[in-house]
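Here are some notes on the model you sent.

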Amino acid sequence: MQKIIEKLYNQRSLTEEEYGKLVKGRSREAAEMLAELARKRALSVYGSKIFIRGLIEISNYCKNDCLYCGIRRSNKNTQRYRLTKQEILDCCEEGYPLGFRTFVMQGGEDAYFNDERVCDIVSEIKKRYPDTAVTLSLGERSYESYKALREAGADRYLLRHETASCDHYARLHPKELTLENRMRCLNDLRSLGYQVGCGFMVQSPYQSIENIAKDLKFIEEFSPEMCGIGPFIPHLDTPFKDEKAGSAELTCYLLSIIRIMKPNILLPATTALGSIAGDGRLKGILSGANVVMPNLSPQSVRRKYSLYNNKLYTGAESAQALEELKKQLSSIGYDIVCDKGDFNKTNI
Ligand code: SAM
């Protein structure tokens with residue numbers, strides 16, 4: 001194990017088989033060693049600064065039927081909502097004085113949010129707040145659509161690859177969704193000059209260690225600017241309702257591996273990680289994460305954007321409670337910065 005960890009630290013690259021061994025052979029000592037090296041890497045690039053992103057969940061309508069997701073189209077128990085342009089702008093108006101300099105618009109694949117509407121909102125945010133970054137996370141769209149959104153001012157796009165293994169992808173998604181198209185989207189986004197984020201759920205149903213090894217190799221090779229990983233958590237109105245949730249421990253272990261492999265990557269301690277363990281967010285930071293994404297959505301809709309059971313949206317998870325988050329972070333030696341928090345391109 002020690003040899004593999006040293007190779008990862010020195011060469012920032014392992015074979016798929018070695019990634020598999022690293023995950024399979026994990027122990028408390030290996031986790032501690034990885035976390036320490038990951039913190040060292042994060043500190044060398046970003047110091048003890050943590051970037052914040054204001055998350056605006058713009059719609060829970062979705063045309064897709066992903067088996068794991070609480071807002072899948074066949075969930076008839078979800079109360080659907082979509083925000084108006086004005087409501088989205090109000091979220092930004094509330095977030096800006098709190099210190100947010102990145103707004104993330106995330107939602108299900110909702111045809112209402114066509115290019116014209118999203119471009120209009122993105123360009124209005126950029127006009128009102130020129131010193132902010134706009135991140136979109138609106139799923140799979142065409143090249144032309146991504147191009148239009150980029151030209152309207154979108155800077156970043158989050159689209160988790162979910163799993164880099166075709167057979168596993170097919171067990172998590174209905175057949176009209178393919179890994180091939182996901183990869184096409186990620187490549188299109190990259191070619192259009194977005195800062196791109198991929199990622200996956202930890203311990204999603206049927207996920208094997210070989211699948212995780214493939215995910216890590218994909219992240220190494222694709223080299224995204226951002227990477228979102230969080231534990232899978234079942235939702236009671238999905239076919240996966242009886243599946244086990246992923247662990248905070250394995251999520252943190254993987255965060256450390258990704259940080260060591262990619263010193264500059266923007267790596268969030270996700271809401272799912274905070275939802276599965278009370279101190280999940282802080283553990284994520286101590287494992288190498290450097291981003292948190294508090295919720296800026298209107299209070300009235302937060303409960304409805306229910307991707308999985310017991311999703312956090314209050315306390316330090318809420319953008320309005322930034323002071324609480326600041327206190328928690330300062331207790332482990334980190335500070336929130338009021339900054340766009342772009343990917344650091346310097347060669348470390
Ligand atoms: N529609 C966009 C997309 O597909 O990228 C953005 C919204 S989607 C709900 C955001 C992410 O939530 C997905 O990429 C998935 O990894 C995560 N997610 C969905 N259901 C989840 C669950 N049950 N547990 C943990 N994460 C989940």
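1. Two rings of Phe, Tyr or Trp count as a pair if their centres lie within 6.5 Å. Pairs of this kind link Y96, F103 and Y129 into a cluster. The model is a predicted one, and a search of the whole of it finds nine aromatic pairs.

2. One of these pairs is formed by Y112 and F113. Their ring centres are 5.1 Å apart and the planes stand at 90°, so the arrangement is edge-to-face; planes over 60 degrees apart are classed that way.

3. F232 and F240 make another edge-to-face pair, with 6.3 Å between the centres and 85° between the planes. Both F232 and F240 are buried.

4. Two arginines sit over aromatic faces. R101 lies over the face of Y96, 3.5 Å from the ring centre; Y96 also belongs to the cluster with F103 and Y129. R171 lies over the face of Y206, at 3.8 Å from the centre of that ring.

5. Turning to the ligand, which residues come nearest? There are 18 residues around the ligand, and Y68, G107, R160, E162 and I233 come nearest. By class, this shell consists of ten nonpolar, five polar and three charged residues.

6. A polar backbone atom of Y68 is 3.0 Å from a nitrogen atom of the ligand. For G107, a backbone N or O atom lies 2.9 Å from a ligand nitrogen. R160 uses its side chain: a polar atom there lies 2.9 Å from an oxygen atom of the ligand. How much of the ligand's area does the protein cover? On its own the ligand has 560 Å² of accessible area, and the protein covers 92% of this.

7. The last point concerns T78, in the loop between β2 (54-59) and α4 (85-98). Is T78 buried or exposed? Its relative accessibility is 15%, so T78 counts as buried, the cut-off being under 20%. The side chain of T78 is joined to the side chain of N75 by a polar contact of 2.8 Å.

Notes: Residues are numbered from 1 along each chain as its sequence is written. This is a predicted model: local features need pLDDT of at least 70, side-chain atom pairs count only at pLDDT 80 or more; totals for chains, interfaces and linings use all residues. Side-chain values use heavy atoms; hydrogens and water are left out. A residue is near a molecule or strand if one of its heavy atoms lies within 4 Å of it. A polar contact is a pair of N or O atoms within 3.5 Å; within protein, one must be able to donate a hydrogen and the other to accept it, and residues adjacent in sequence count only if both atoms are side-chain atoms. Accessible areas come from the Shrake-Rupley method with a 1.4 Å probe; for residues, only the protein chains shown count as cover. Ala, Val, Leu, Ile, Met, Phe, Trp, Tyr, Cys and Pro count as nonpolar, Asp, Glu, Lys and Arg as charged, and the others, Gly among them, as polar. Rings of Phe, Tyr and Trp (its six-membered ring) pair if their centres lie within 6.5 Å; planes under 30 degrees apart count as stacked, over 60 as edge-to-face and the rest as tilted. Buried means under 20% relative accessible area, exposed over 50%, partly exposed in between (1.4 Å probe, protein chains only). A charge sits over a ring if NZ of Lys or CZ of Arg is within 6 Å of the ring centre and within 35 degrees of the ring normal. Helices (H or I, at least four residues) and strands (E, at least two) are DSSP runs, numbered from the N terminus.
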